[in-house]
Amino acid sequence: MISENRHEREIADGLWRKCERCDELIYAKDLKANQQVCPECKFHHRVFSVERIEQLIDEGSWSPIDTQISPQDPLRFRDRKAYSDRIRETQAKTKLIDGVQTGLGQIGGEPAALGVMDFRFMGGSMGSVVGEKLTRLIERATADKLPAIIVCSSGGARMQEGMLSLMQMAKISAALERHRESRLLYIPVLTHPTTGGVTASFAMLGDIILAEPEATIGFAGRRVVEQTVREKLPDDFQTAEYLLKHGFVDTIVPRTQLKQSLAQLIRLHRPVNKVAIAARPHAAVAASSEKQPEKQVAPVLRNTDSLES
Ligand SMILES: [Zn+2]
């Protein structure tokens, strides 16, 4: 009884965490060191933007961009609460300005442009700020010839901004298309949950789409889909595993291997340095005569190619 009380006190103090699935008590520091993945049952607990950036970006290499863009309330929207109050309260609680952090940094030594959505900020909803920051991130990646990585976690569009939130889908998608035309790599990482307008736009436009184990990924909620199609849906409907089976996701990567996998994918798809080859004509000729272009030019796989053809 005494030890139980002590445990409860220590959970309250934040020293211990109880696994949400298997109820195992885990020392909070050990859970953090294992990237919030339960060492017993491998359940992936939620990770928010600050910790996710720490997990993915090499220490000391992160430089955030567009940190001053803050949300407005052009519609003077009010539900149970005024939208402007809701923004202020959420900002105070999360210490974030809006639902995404963007910046440049290195992932396993590879330079990349990274955006990380934060579910704590009004359910990771995509309003004008999320849309604008992601668009600018992708434009920066295009200009600097960098791969773009976006860690998605969102309930969808931000209804308090109405139309203005919906148009972000098209805006981000257009920026991604210009990034694609420059033959640069884009990888969305779908984490729990990725739904609504985010799934309907940039989450599904990746050259390679990664997902975390058991993440919920979908557009409309299960109940809405069931009512619309009038069918009982399978239990694993809208899980990362179900989407992998049906070709919407390219691979599922456990969080503890995510950084390494991203670094490897970026390395494999690094653009060929044309200037360097032109300056060394003999080397280029030698390479092509040996018929080993794969070593230098890794083709960028694009989902859209197979859809179009
Ligand atoms: Zn567990």
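## The end of helix H5

Just after H5, lysine 145 has a positive phi of about 55 degrees. Helices here are DSSP runs of H or I with at least four residues, strands are DSSP runs of E with at least two, and both are numbered from the N terminus. This is a predicted model, in which local features need pLDDT of at least 70 and side-chain atom pairs count only at pLDDT 80 or more, while totals for chains, interfaces and linings use all residues. Residues are numbered from 1 along each chain as its sequence is written.

The 16 residues of H5 should span 22 Å at 1.5 Å a residue, and the end C-alpha atoms are 22 Å apart, which agrees. The expected span is 1.5 Å times one less than the number of residues in the helix. The buried residues of H5 are Val129, Val130, Gly131, Lys133, Leu134, Thr135, Leu137, Ile138 and Ala141. A residue is called buried if 20 or more other C-beta atoms lie within 10 Å of its own, exposed if 12 or fewer do, and partly exposed in between, with C-beta atoms placed from the backbone. The cover over these residues of H5 includes S4, S5, S6 and H6.

## The protein as a whole

The protein contains 14 helices and 9 strands. Of its 309 residues, 34% are buried. Two residues are in contact if their C-beta atoms, placed from the backbone, lie within 7 Å. Among contacts with a separation of 6 or more, 67% join residues 24 or more positions apart.

## Strand S4 and its partners

Strand S4 (residues 100-107) is largely enclosed by the rest of the structure, because 6 of its 8 residues are buried. Two strands pair if DSSP finds at least two bridges between them. S4 pairs with strand S3 (residues 63-64) in the antiparallel sense over 2 bridges, and 8 bridges join S4 to strand S5 (residues 110-117), also antiparallel.

Leucine 104 of S4 stands opposite serine 63 and opposite alanine 113 in S5. S4 and S5 form a hairpin with 2 residues between them, and glycine 108 in the turn has a positive phi of about 55 degrees.

## Helix H6

Helix H6 (residues 162-181) has 20 residues, which should span 28 Å at 1.5 Å a residue; its end C-alpha atoms are 30 Å apart, which agrees. Ser165, Gln168, Ile172, Ala175, Leu176 and His179 are buried in H6. Their cover includes helix H5 (128-143), strand S6 (148-154) and strand S7 (186-194). After H6 comes arginine 183, whose phi is positive, near 60 degrees.

## The nonpolar core

A nonpolar core is a set of buried Ala, Val, Leu, Ile, Met, Phe, Trp, Tyr and Cys residues joined through C-beta atoms within 7 Å. The largest one has 49 residues, and Ala148, Ile187, Leu190 and Ala211 have the most contacts inside it. H5 supplies the largest share of this core, 6 residues.

Leaving aside neighbours within four places in sequence, isoleucine 187 is in contact with Pro147, Ile149, Gly206, Asp207, Ile208, Leu210, Leu262 and Leu265.

## Proline 271

Proline 271 lies in the loop between helix H10 (258-268) and helix H11 (274-279). Proline 271 counts as partly exposed because it has 15 C-beta neighbours inside 10 Å.

Not counting residues up to four places away in sequence, proline 271 touches Lys145 and Arg183. The C-alpha atoms of proline 271 and leucine 146 are separated by 9.1 Å, although these residues are 125 residues apart along the chain.
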